[in-house]
Structures are given as structure tokens and as C-alpha cells.
Amino acid sequence: MATVKINGKEITVEDGTLILDAATSAGFEIPTMCFHARLSKLASCRVCLVEIVGQKKLQPSCVTPVMHGMEVLTESPVVKSARSAMIDLLLANHPLDCPVCDKGGECELQDITFKFGPRKSPFGEEKRRFHEEDYILSPVIIQNANRCIQCKRCVRICAETVGAEVLGSIDRGAGTGETSFVKEYLDCDHCGNCIEVCPVGSLMSRSFRYKSRPWDLKGVDTVCTYCGTGCQLTVQARNGEVLRVISKPDKGINHETLCARGRYGYSFINSHERLVTPMIRKGGTLEPATWDEALKAIKEGITGAIRNGGKIGGIASSRLSNEELYLFQRLMRVVLKTNHIDSGSRWNTGAVKTFTEVMELSRGGVSIYDALNTDTLLVIGSSISDENPVTDYMIRRLSQNKKMNIIIASPRGMKLDSSAALTLRHRPAAEGEIISGISRVLYDKNADKLNDLSGKEPLKSISKENISSLTGTDWGRIESAANFMSSSNSVTIAVGNDVLRGPSRLEFLNVLVGALRLLGKEVKLFPVFDRANQRGAWEMGVHPAMMPGYSATAGNGLGCEGILEASSRGEMDVLYVIGEDIVSDFPDGRFAEEALHRVKFLIVQDMFLTETAKMAGVVLPGASFVEKDGTFTNQEGRVQRLRRFLPPQGDAKADWEIIAAVGAAVDPSFNYGSAAGIFGEIKEAAPMYREIAFESLDGSGALIKETNRKGTDLKSVPSVASQMPAASPDPDYPFVLITGNHLYHSGRLSLRTDILRDILSEAIVEISEEDAKDLKVGKGDKVVVKGERYEATLTVHVNKRSAKGVVFIPENFTDVRVNMFFTKGEGLPRVRVLPLTGKSHGGGIK
Amino acid sequence: MNRNHYNFDLNGLLKKVFFVDLIQGLFITFHYTFSKTITMKYPDEETWIPYKRFRGLHTLNKNKEGKELCVGCELCQKSCPTQCITVVPMQDTTGKGIADRVAYRWEINLLRCMFCGLCEDACPTEALKLGREYELAGTSMQRHLLTKEELLAPQAVPAEFEGGVIVKARLGTDETGIKVVPDMSVQKRWW
Ligand code: SF4
Ligand code: SF4
Ligand code: SF4
Ligand code: SF4
Ligand code: SF4
Ligand code: FES
């Protein structure tokens with residue numbers, strides 16, 4: 001600890017604290033420009049100069065640490081005049097076109113000039129001008145380099161946090177302008193974080209161009225509803241029209257960062273395609289109806305089914321709030337007496353159950369900052385840089401300041417690979433085998449210490465040749481992964497939801513975790529989800545085998561696949577689908593469509609008329625995330641608030657209100673009046689939520705906690721070794737097709753936002769560099785991807801680091817229905833890639 | 001006078017007999033009857049043009065090249081104590097303004113305005129001026145919500161005109177009501 005005197009006030013701070021931070025905590029304000037708390041230190045602007053008594057030269061407080069006994073002056077006459085002179089230097093070449101500049105009103109240069117700056121300038125020279133008109137740098141950025149003050153915050157955030165490294169500076173000294181090295185369109189992540197950190201109006205948002213002054217905006221702090229990272233963001237609107245989304249440095253785990261989806265994926269809120277009234281099918285077409293008519297039709301449909309003892313099922317999206325998901329399962333289980341419910345349509349219901357157990361989700365939340373405070377981090381089952389961009393930023397940021405071995409196991413290459421100590425490129429769907437391989441190496445090396453390891457028998461029967469051929473990964477790499485782990489004191493294993501796409505050998509994770517714990521390592525498990533409330537959905541019990549709080553159900557329920565199978569046999573009387581486009585998402589689009597045709601009464605509740613909604617008997621219009629109250633639980637187990645800010649469009653209603661109305665139509669005692677009230681009931685049903693206060697949740701929310709833990713849970717351990725036959729290469733169809741979310745898109749909602757559509761709206765196919773060479777195609781070329789039942793023409797993207805033989809098509813686009821390549825029960829489809837010279841585009845059934 | 005108060009006052013008597021006070025009074029009246037008229041024949045024949053410093057109806061101005069000076073910076077809106085101005089900016093690449101930022105909407109609710117002139121002071125481009133139009137009575141509320149287009153139309157009194165004079169005028173009627181139309185060429189001072 002160091003005791004220092006700042007402007008005569010004595011305070012004690014940690015050793016190594018920056019003078020800037022010490023002064024701030026003592027209540028003094030020091031202006032800064034180039035400094036940014038979470039970026040590397042540059043100390044170039046010198047507006048933060050302070051006087052250290054006894055030293056002749058003034059020192060930049062943003063890089064100078066305190067020393068015991070130091071006496072610092074931040075307001076002495078020398079400091080004041082030097083500071084004002086430095087600000088004057090910044091202004092010397094600044095165009096001072098504030099009235100036109102979009103940053104006016106929230107500009108850091110305006111603010112410090114007003115507070116600390118000169119009132120008059122001696123500089124009379126002509127100002128430097130790089131260009132007359134602002135120029136477009138990317139689909140999201142417009143730049144005015146004349147206003148740049150060379151703080152390089154943009155360059156630093158892009159390289160250090162986003163990992164894109166596309167911004168650089170040209171020239172030096174007074175002639176420096178921040179721009180891409182060449183002044184051309186940026187092909188970057190389009191995250192807009194450079195705009196967010198730019199202190200002046202040099203990098204500006206194109207979508208917010210000349211829309212409003214900040215003081216005319218009304219905003220709400222809420223949570224991003226795209227991926228499981230759960231970023232806090234602020235939605236701002238003028239006169240009810242949402243104009244932008246910003247991130248705040250002091251809010252949320254993401255601080256000032258967001259990804260393209262979070263920052264630009266909002267305009268679906270004001271989309272004219274939104275459903276604004278309920279609809280009922282009359283004579284083959286969906287006709288607008290009133291709520292009373294729709295609810296009456298639903299009541300008739302459901303009571304009829306109940307009377308005849310028919311099957312009722314429900315599928316809700318994992319993008320609904322906890323309150324809605326809880327109410328949905330309550331409606332299904334209590335009012336409609338069915339266990340046939342599921343969240344989402346892409347996951348294997350059994351794999352989900354195993355996942356929740358082996359990932360120890362019932363033990364409560366683990367903060368990402370705790371999880372990343374580790375010696376070794378294994379990321380598996382997720383293209384994390386694309387699916388959870390801000391989680392990727394956090395890993396990159398934290399790994400710069402501390403030694404952390406990052407191991408990435410994935411079939412696709414990703415941006416985070418460049419921060420990794422080791423990458424394991426493996427065959428798609430071989431995550432379980434990779435884990436069993438690592439466990440085997442650990443076991444071999446420490447057999448004496450692992451006598452009590454449960455699951456060691458199947459482990460022993462694993463041969464290195466078998467694993468190598470199953471995973472397509474070099475055994476040496478699997479060995480080094482194990483070595484990294486055994487030489488670490490703490491290991492974090494981040495597992496993404498790709499392992500849920502089919503039956504996986506995930507039980508081996510239990511063996512690995514057990515082995516590491518027996519070896520005395522601290523092990524943390526960190527789930528990674530591509531849907532914002534995936535964890536909440538399971539915790540609310542929207543799963544055929546799990547009740548709220550992960551308690552087991554009594555009955556036998558069907559998951560999504562089971563429900564569709566029952567439907568295809570004509571056994572499903574009523575199916576209530578909320579927010580999920582099954583026809584487009586279920587891996588076998590043809591089967592899903594045929595099955596849903598045989599559902600006797602299909603109710604779909606959504607914001608848009610999706611492919612699934614088009615088949616419904618009754619369509620109910622739901623609300624967007626800024627139009628309702630509620631909570632989300634992110635992948636960490638952090639509960640964050642969703643806040644109502646705008647009234648729902650037209651006659652649309654918050655989804656929980658609709659579920660409550662549907663319930664009340666069938667059973668009048670099903671009575672819920674507010675999201676807060678439902679949350680009160682959640683606390684009873686899922687004790688992990690007991691300590692969370694709905695009303696006072698703010699900033700970064702609160703982690704759920706394990707409560708009343710009795711003994712250890714019954715955990716699944718593998719009974720036999722992996723016996724998946726090594727995929728025999730089929731010369732006709734040499735590629736394996738995998739799917740997932742594209743960096744700019746998430747699910748099917750983001751394609752309804754104009755900015756994200758501007759960035760990318762046509763489906764792409766990603767292939768490895770090696771394959772591209774073999775096929776003699778490059779980025780932007782068209783290829784035909786041919787499966788056994790479907791083929792599509794797509795634009796090639798080349799991923800330098802992907803495994804050979806893997807083809808990736810994002811599941812977000814409407815022009816190509818990637819789920820049509822799949823055949824239920826047959827795992828990942830095999831495809832052929834044929835180069836094409838023509839320009840035609842789109843998918844078609846063969 | 002006090003000394004003579006109780007004495008006989010011949011002077012006073014003569015004044016009364018010959019109506020001296022009355023004649024003196026009437027003389028003033030007659031004097032005005034034949035001197036220069038100072039009554040302003042407003043609104044039928046004449047109207048008062050205020051000085052430049054007057055704070056009347058707002059005008060939005062253009063520069064010499066005819067480009068809109070307003071850049072939609074919203075500062076006037078921010079500075080207005082009664083919040084009667086609404087400015088919504090937009091991007092414009094047609095070159096109709098002095099910058100590529102122009103006002104998409106510029107509206108004022110005159111019913112709330114107290115003509116304090118703070119908006120004019122805040123305007124960085126001198127686009128906004130409080131002009132010399134003061135006949136603001138109207139028959140409907142709607143007439144008092146003025147838009148950019150109406151404010152961009154030049155006012156009857158040009159900005160350069162010194163003011164502080166009475167000018168010839170004529171009472172005109174049109175669909176918006178009664179209007180006094182000044183003729184700046186025939187002026188007179190009222191003193
Ligand atoms: S938008 Fe993101 S990726 Fe693109 S330049 Fe800015 S910080 Fe870098
Ligand atoms: S563009 Fe903005 S953030 Fe980048 S160096 Fe210039 S002022 Fe700093
Ligand atoms: S999509 Fe995920 S990473 Fe991106 S802003 Fe939203 S929560 Fe954050
Ligand atoms: S004159 Fe005063 S009250 Fe009227 S618009 Fe201007 S600032 Fe507002
Ligand atoms: S009138 Fe002046 S102050 Fe008002 S928006 Fe236009 S330029 Fe800005
Ligand atoms: S903020 Fe310290 S030198 Fe720029």
C-alpha cells in the first residue's frame with residue numbers, strides 16, 4: 001500500500017495504482033484524452049499532466065504510478081496552464097465544426113475544453129485538412145479525419161480487443177490521420193467499437209448520421225437478446241423511434257464493447273413487417289382477427305383436444321425472458337398437463353440433459369471474469385469468435401495481461417486462434433472424442449493418482465489410433481493439450497452448444513473434470529450459448545425432462561424431435577410454438593414442414609410471420625425486447641433485466657401477457673398480472689434465483705447461486721468408449737457440412753434489421769484455404785454446394801485456419817435453407833462443392 | 001396670488017368674460033388640426049416598422065448564394081426556455097445548405113414562445129433571427145405552429161432595413177385572414 005497526498009488530501013491506495021486513478025478516488029478530476037482504462041497505455045495527448053512535488057517536469061498521470069509518500073498537485077497554476085496549453089494544441093488543428101458534427105453534445109474534446117481549456121487561442125495558422133467531405137469507411141463507419149486527435153483509441157481497441165487489426169495510422173506527428181492503411185472500404189467485423197471509443201467526431205456511425213443530438217434521446221439500459229454473452233446495452237430513441245444502440249463503459253460485463261449484432265441489430269423493432277394483430281386461418285388463409293376471437297379459437301382448439309385426450313405440445317424460443325419461459329412451462333405442465341415441451345428446435349434433447357449435468361449448471365453461476373482467471377482455458381464446441389463475439393473480446397483482453405494458455409478445439413478456424421497456445425482442428429461432432437483423448441493422456445500420465453476416477457474403465461479402452469482417426473486430429477496435439485492442463489493449477493473448460501447438435505460423448509467431460517480435480521487442479525466449467533436465454537430456458541424447466549431449477553420431472557415428455565415425430569404420425573393435436581421458426585431451424589427442414597402440416601391445431605406466437613407461422617391456425621403477435629419487462633439469464637448464470645421502454649407495435653402484446661391470456665382462456669384461475677409477480681414465483685420454483693431482486697437488478701445484474709445443496713448429484717459417466725465408426729470418406733460427397741451463426745447474424749431475427757442486412761444478406765459458404773486451392777476458387781466466387789437432397793449456390797468465404805473437408809454454411813439466411821441439407825437421424829450431411837462461373841444464386845430442391 | 005386672494009380680481013373677471021382660457025385651449029386644438037398629423041392610420045393606410053433590435057416572428061435565413069444557413073445543430077432547441085422549437089436534422093447531398101447537414105424539420109410553437117431571443121443568440125450560423133413581424137393574431141391554433149418552409153420564406157421587412165419608421169400600408173385579405181401589407185418605399189418618421 002502507498003500513502004500519497006493529492007492536493008493536500010491524504011489517501012492510501014494499492015501499490016502501482018496510477019496517479020489518475022488515485023486522484024479520481026480522492027475526488028479530483030483530471031482530464032484525459034488518449035487514456036482508456038481497458039486499452040494499452042499510450043500517453044500521447046498529455047492533457048492529464050500533474051505536478052509531483054519535488055520533480056521539475058510535469059508527469060502524465062495516466063501512466064505514472066503512485067509512490068509511497070508522493071505529493072501530487074492536480075490544480076496548481078503550472079498544471080492548469082500546461083493542461084490548457086495541451087488542449088489548445090489539440091484544438092490547433094481541430095476544425096471546430098461542432099454544429100455539424102454528430103459528436104456534438106457528447107464529445108470529450110468539447111467537455112474538457114469547456115472545463116479545463118483555454119478561452120482564446122494564439123494559433124492563427126490555417127488548419128490542416130485531409131479532405132473536404134466525410135467519407136464512408138465501412139457499412140457502419142463514416143469518417144472525418146480532420147477531427148481526429150490521434151489518440152489511437154480506435155486502433156488499440158480494434159487490435160487489442162476486437163482482434164481485427166484493420167485500423168492503422170498514416171503519417172506521423174501533426175499530419176497523422178487515423179484511417180485504414182489504404183483509404184478503402186474496410187472488410188472488418190463491423191462491430192462499431194472504434195466509433196464507441198472515439199472521443200471526438202472522427203469515426204461516426206453511419207446509421208446515426210445526422211439523426212439527433214444526444215440530449216434529445218431517451219434511452220433504456222437493457223440486455224442484448226442475441227447471444228448468450230449477455231451484453232448490457234442502451235437503446236436510445238427519439239419520439240419513439242429507436243435510433244441507436246450504445247454501450248456504456250460502466251455497465252455490464254462487456255463495458256464499452258458490443259458486436260455488430262448487438263450494436264446494429266435493433267431495427268427489426270420498427271420493422272413494418274412486424275405482426276400487429278392476431279390472425280386466424282379462415283378457409284386456407286390467415287385473416288386478421290381480434291384478441292377475443294383468437295383466444296376463443298385457441299380455447300376451443302385446446303379444450304377439444306383435452307376432451308378427446310389428445311396430445312398437446314409446446315416449443316418456446318430461448319430468446320424469451322425467464323418469466324415467459326417459466327409461465328410457458330407452467331401453462332403446459334399445470335393447465336394442459338403435458339410434459340412435451342422444449343426450448344428451441346436445434347438441440348438433441350438427450351444431449352441437453354447430459355450437458356446440464358456435466359457442466360454443473362445447477363451449481364449456480366460462474367462469472368466470466370472468475371472463469372478467465374485461470375492458467376489454462378480450453379474452448380470447445382463453439383466458434384466463439386463468430387457466435388459469441390464479446391466473449392471472444394474478453395478472452396483476448398484478459399489473455400494479454402496475464403499468462404493464460406488458450407487451447408481451441410474446433411473444426412473451423414477463428415479469430416481467437418491467434419491468441420491461442422494450441423489449436424486442435426477436429427472433425428465436426430468429435431468434441432466428446434477430443435475430450436476423451438485428453439482424459440486418456442492425463443490418465444496414462446497419472447494412473448497412480450487416478451485410481452478413484454469414475455469412468456476410468458471406458459477410458460482405458462480408448463486407443464490413440466482410434467481417437468486420432470475419429471477426430472482427425474494429430475495425437476501429439478491432444479497430448480500437448482493434456483500437458484498444458486497438467487502443468488496448470490487451474491483449468492477452465494468452456495463448452496459451446498455445438499455439442500448439443502447430436503448425441504455426443506459428452507459424459508467424458510465428467511471424466512476429464514474428475515481427473516483434473518483428483519490431480520488437485522481448480523476446475524471451472526463455462527458454458528457458451530448462441531441464444532441469449534438458453535440457460536434461462538433450461539433453468540425455467542422448458543425441457544421435457546427438467547422442471548424449474550433442474551429438478552427431475554415425473555412424467556415422460558417429448559423434446560422437439562419427438563414432438564415432430566409424433567406430429568408426422570398425425571398424433572399431435574395442439575402445438576403451441578413461441579418465437580421459434582421450426583421449419584427453418586430444425587435440422588431436416590422437409591421433415592419439419594411435413595410434420596407441422598399434420599398438427600391438428602398449430603398456434604404460433606412471434607413478432608414476424610415466419611415460415612412456421614405461415615402454417616399456423618392461429619398467429620399471435622408478440623413484443624420485442626424493448627417492449628416488455630423481464631429477466632434473462634446469460635451463459636454465466638447472470639440474471640439481467642429487460643426493461644419496457646416503448647409500447648408494443650399495434651395490437652402486439654408482451655409474450656408473458658399472451659401466455660397468461662391463453663392460460664386464462666382455458667383455466668380462469670391461471671392469473672398473472674406482472675413480470676415481477678411471475679419472477680416471485682420463479683424464486684420459489686427455482687431456488688437458485690431466490691436471492692435475486694427483480695426490481696433492483698441493474699448494471700451487470702446478479703449471478704444465480706446454488707442453494708440447499710444436498711450431497712453430490714448423480715452424474716452421468718460414460719459406460720463405453722467412443723465407438724462412432726470413423727467416417728469413411730465418400731468420394732462423391734467429400735465434405736462434411738456444419739452450421740452455426742455468422743458473425744453478423746444470429747438466428748433468424750437479425751436478417752430483419754437493415755444495417756446487418758447491408759453488411760451481409762446473402763448466404764455464404766465457408767471453406768478451408770486448402771480446399772479453396774484444390775477447387776481453384778477464392779473469396780467471392782460462386783460455388784454449388786450439393787447434398788443428396790438439396791443444393792444451393794453460394795458465395796465462397798475462405799477461412800485460413802479451418803480444417804480440410806469441412807464446409808460451413810450459416811443458418812441465418814433465408815435465400816438458402818441450410819436445414820434442407822439435413823436428414824433427420826443421419827447426423828451431419830455430406831456434400832460436394834462445385835465451382836461455378838455464373839451469377840445465379842439461391843437454394844433449390846433437387 | 002395668495003396675498004390677493006380675498007381681494008377683488010379684475011383680471012380674473014375679464015378672463016372669464018372674454019373666455020380667454022377657452023380660446024387658449026381651443027387654439028391648441030386648432031393648432032393640431034392644421035399641423036402635421038401624428039396619428040398612424042394603422043392598419044388601413046400605414047403601419048409601424050420596428051427597429052432592427054425588435055424581437056418578432058422568427059426567420060430562417062439563406063446566405064448570398066441562396067443556401068440554407070441552418071445546419072440543424074439543434075442548439076436553438078436546446079437553448080429555448082419554453083421548449084417550443086423542434087429541430088430534426090438530416091443528411092443532404094444536394095447542396096441546398098451550407099453543409100451536408102440541414103434541418104429536416106424545424107418547427108416552432110408560437111403559442112409558447114415568449115420572444116426572449118435566446119434561440120437567436122444560440123444559433124452558430126446566424127440562420128435564425130427574430131424578425132420584425134408582430135401581427136401574430138390568428139383564428140386557429142394550427143396557424144401558430146410554423147414549419148421550416150414558412151420560416152424560410154422572406155418576411156415583408158428585409159433584414160437590412162433600418163426600421164423605426166411608419167410606412168405606407170394596405171389592408172389585404174386572403175385565405176389566411178387579414179394582413180397588413182407594407183410599402184417600404186413611402187416612409188415617414190412620427191416625431
Ligand atoms: S468496426 Fe470493429 S472491427 Fe471494424 S475497424 Fe472498427 S473496431 Fe475494428
Ligand atoms: S479516429 Fe478517433 S479514436 Fe481514432 S485516433 Fe482519431 S480521435 Fe482517436
Ligand atoms: S450478440 Fe452476444 S456478443 Fe454480441 S452484443 Fe449481443 S450479447 Fe454481446
Ligand atoms: S424566442 Fe425564446 S421562447 Fe421563443 S423560441 Fe426563441 S428561445 Fe424559445
Ligand atoms: S437555426 Fe441555428 S441554432 Fe437552430 S438548428 Fe439551425 S443552425 Fe442550429
Ligand atoms: S490521457 Fe494521459 S497522456 Fe493522454
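This is a chat about a predicted model and some of its parts.

Biologist: Hi! Let's start with the open sheet in chain A. In what order do the five strands come?
Modeller: Going across, the order is E20-E19-E18-E21-E22, and the pairing is parallel.

Biologist: Which strands stand at the edges, and why is one side of each left without a neighbour?
Modeller: Those are E20 (422-424) and E22 (522-528) of chain A. Each has a single partner strand, so one of its sides has no neighbour in the sheet.

Biologist: And what does the twist average from one strand to the next?
Modeller: The average is 15°.

Biologist: Can we zoom in on a pair? How many bridges join E18 and E19 of chain A?
Modeller: Five bridges, in the parallel sense, between E18 (residues 376-380) and E19 (residues 405-409). To pick out one residue, Val379(A) has Ile408(A) in E19(A) as its bridge partner.

Biologist: Which strands does helix H16 of chain A touch as it packs on the sheet?
Modeller: Helix H16 (residues 475-486) touches E18, E19, E20 and E21 (490-496) of chain A. The direction of H16 makes about 135° with that of E20(A).

Biologist: New topic: helix H9 of chain A. Which of its residues are buried?
Modeller: In H9 (residues 349-358), the buried ones are Thr349(A), Val352(A), Thr354(A), Phe355(A) and Val358(A).

Biologist: Now Phe116(A), please. Where is its place?
Modeller: Phe116(A) sits in helix H3 (residues 108-116) of chain A.

Biologist: Why does Phe116(A) count as partly exposed?
Modeller: Because 17 other C-beta atoms lie within 10 Å, and a residue needs 20 or more to be buried but 12 or fewer to be exposed. Leaving aside residues up to four places away in sequence, Phe116(A) touches Pro31(A), Arg83(A), Ser84(A) and Ile87(A).

Biologist: Over to ligand 4. Which of the 14 residues around it come nearest?
Modeller: Cys80(B), Cys113(B), Cys116(B), Leu118(B) and Cys119(B). By class, the shell has 11 nonpolar residues, three polar and no charged.

Biologist: Last one! How many residues are in contact between chain B and chain A?
Modeller: 13 residues of chain B meet eight of chain A. On the chain B side, E3(B) gives the largest share, three residues. That side has seven nonpolar, three polar and three charged residues.

Definitions and conventions
Residues are numbered from 1 along each chain as its sequence is written. Chains are lettered from A and ligands numbered from 1 in the order in which they are written. This is a predicted model: local features need pLDDT of at least 70, side-chain atom pairs count only at pLDDT 80 or more; totals for chains, interfaces and linings use all residues. Two strands pair if DSSP finds at least two bridges between them. Helices (H or I, at least four residues) and strands (E, at least two) are DSSP runs, numbered from the N terminus. Axes are lines fitted to C-alpha atoms, for helices over the stretch in contact, and angles run from 0 to 180 degrees between N-to-C directions. Two residues are in contact if their C-beta atoms, placed from the backbone, lie within 7 Å. A residue is near a molecule or strand if its C-beta atom, placed from the backbone, lies within 6 Å of it. Ala, Val, Leu, Ile, Met, Phe, Trp, Tyr, Cys and Pro count as nonpolar, Asp, Glu, Lys and Arg as charged, and the others, Gly among them, as polar.
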